[in-house]
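Dear colleague,

Please read them with the model open.

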Amino acid sequence: MIEGTMAQQESPARPGLIRRTRALLLAAFRAHPGPMIAALAGSVLYGAGMVAWSVALGELVNTVVIPRFGDGHVITGAALAMVLAVLAIGVVQGGAGLVQRWASTAVRARFDAGLREAVVERYDALPMAYHQAHPTGEKLARVTTDPEAAAMLPARMPYVFGMLLLFVVTAGWSLVVDPVLALIGGAMIPALLLVNSFYQKQVQAPAEQVQERLGRVTAVAHESFDGAFLVKTLGLEHAERDRFAAESGRLRDAKITLAVRETMLDSLVDLIPMATSLIIVVAGALRVNSGAITVGTLVSFVNLFALLVVPLRTIGNILGHVPRTLAGYARVETVLAESPPPPVTDPQPLPDGPLDLSVRDLTFAYPDGRPVLSEVSFDVPAGATVAITGSTGSGKTTLFLALAGLLPPSGGSVRLGGADLYRIAAADRAAACAAVFQEPFIFAGTMAENVLLDSPGSERLTDALRLAAATALVDGRPEGLDTRVGERGVKLSGGERQRLALARALVRRPRLLLLDDATSAVDATTRQEIMAGLAAELPSTTTIVVTSSPATLALADTVVYLDRGRVAGVGPHADLLRIDAYDRLTRAYERERVVA
């Protein structure tokens with residue numbers, strides 16, 4: 001958008017458009033050279049067939065039709081040869097058209113799929129900070145509608161190139177046969193280019209608005225669907241409909257503006273060739289009367305320029321969609337231009353056996369400069385359980401994400417088993433660590449699929465379900481582990497989703513287990529059973545628990561108490577009760593639990 005605005009200010013908006021179009025076409029050609037070449041060859045052959053068919057038709061009129069009406073004499077062999085030639089040209093032209101259509105469809109489908117895969121791959125590689133800063137609906141639009149729009153131009157541009165070559169051949173043939181009619185027919189080319197140049201300037205902004213507002217509509221729809229429970233609970237259906245209607249209305253207005261301008265272009269593109277054909281008929285009749293050309297030549301001219309009306313209209317339609325295509329591709333490029341974190345060079349290996357955790361002077365601040373963590377330091381011996389607690393906004397979740405390797409700190413270090421956590425190879429870290437969040441994500445598959453995912457630990461499935469107190473959850477359903485849980489686990493309660501997610505982590509037998517209020521939706525008795533079972537049966541697993549539950553805090557070997565992003569106390573739960581703020585925090589939780 002900025003590039004387009006600057007180009008318009010400097011006047012060479014056209015070079016900017018051409019440069020971006022060339023970049024898009026080169027990207028498509030590099031990705032799929034075979035179909036692109038096939039589409040171009042088919043289009044060129046189709047265009048050549050149009051010229052050959054028109055010339056053959058003119059010769060047919062000169063050698064068969066005119067003699068028949070002149071002296072009544074027809075050369076049968078010549079007539080048969082001309083008819084066969086016209087038929088042969090038609091067959092070749094039809095075959096070339098089929099090749100061009102097949103190859104263009106292949107280019108569009110493959111380039112679209114390639115862009116989608118590239119965007120998803122880049123999303124997977126980008127850090128959590130990027131995903132936190134961009135709404136899901138906007139990201140979905142850049143995976144769906146934007147690649148689809150970007151793939152339109154590469155699929156149809158070979159047709160444009162083929163027709164441009166047709167114009168060149170037609171111009172050469174016309175100049176040789178009759179320069180006067182050639183100049184009349186050729187005049188429509190600069191007229192069409194002038195109309196298209198004006199149109200591109202008028203349509204660029206509406207096309208970009210359509211793509212942008214389409215992303216907003218997707219974002220609002222995603223939020224409404226994702227928050228269906230909240231919307232229905234608070235009776236906000238009408239408000240959500242109004243919000244969606246407002247965004248849809250803006251998208252509608254942008255599409256109408258774009259459609260009106262596209263319709264104007266279509267009308268002009270239709271009018272110019274039709275007017276040209278009419279002028280050619282009148283001028284050609286005068287040329288025939290003067291003896292400058294034959295009737296067959298005039299028939300060839302009229303037929304050829306009549307046939308050009310459809311390609312010209314198609315080219316105008318294709319060029320009319322260039323701004324929208326470039327807008328979609330630009331939005332895809334903004335994602336692909338995002339730099340993923342550099343790969344770990346010389347990764348540090350993790351030692352075998354239990355892992356200790358050491359946090360030193362950990363600091364984190366968001367891009368706006370707002371500090372969240374400041375000089376956080378503590379140690380976790382191998383196999384120990386450490387609880388992290390604090391009031392709302394104290395930095396617990398941020399610290400948890402940093403310890404999980406998802407949020408690189410601004411300063412300080414996190415060492416796991418003596419190795420820098422952010423210098424460990426991603427595969428090694430994933431094999432050693434597992435994290436369970438307060439709001440677990442459940443896939444729309446079976447219970448077994450949600451626990452195992454791609455883990456090879458199916459033999460540990462029973463133990464993982466037992467430790468997560470999820471055995472009864474599975475046994476209580478007729479289909480057992482094959483029970484489908486619905487999108488985001490909609491068929492499960494909050495506590496059931498948490499236990500299934502905990503089993504997912506435990507089936508991997510992690511050496512570092514991170515739990516972010518991962519049992520908050522589970523009743524107190526079951527929570528204590530889970531924590532006690534983890535301590536008893538996984539003695540070598542180092543466990544970090546973010547919690548406000550006094551019972552869970554009491555089970556931890558050490559508690560790290562955070563206050564406004566700083567460590568306000570480290571030690572056993574009983575010792576920290578001497579801190580007034582910590583004591584008030586735990587008592588408030590107990591009172592809340594009793595009231596609940």
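With a relative accessibility of 40%, Phe441 counts as partly exposed, a class that lies between buried (under 20% relative accessible area) and exposed (over 50%), using a 1.4 Å probe and protein chains only. Phe443, at 42%, is likewise partly exposed. Please bear in mind that this is a predicted model, in which local features need pLDDT of at least 70 and side-chain atom pairs count only at pLDDT 80 or more, while totals for chains, interfaces and linings use all residues. Residues are numbered from 1 along each chain as its sequence is written, and side-chain values use heavy atoms, with hydrogens and water left out.

Searching the whole structure gives 4 aromatic pairs (rings of Phe, Tyr or the six-membered ring of Trp with centres within 6.5 Å; stacked if the planes are under 30 degrees apart, edge-to-face if over 60, tilted otherwise). One of them joins Phe441 to Phe443 edge-to-face, with 5.0 Å from centre to centre and 75° between the planes. Another is tilted, because the planes of Tyr123 and Tyr130 stand at 35°, with the ring centres 6.1 Å apart; Tyr123 and Tyr130 are both buried.

As for the histidine, His573 lies in helix H24, residues 573–576 (a DSSP run of H or I, at least four residues, numbered from the N terminus), and is buried at 13% relative accessible area. The His573 side chain makes a polar contact of 2.7 Å with the side chain of Tyr582 (N or O atoms within 3.5 Å, where one must be able to donate a hydrogen and the other to accept it; residues adjacent in sequence count only if both atoms are side-chain atoms).

Best regards

Key:
Helix = DSSP H or I, 4+ residues; strand = E, 2+ residues; numbered from the N terminus.
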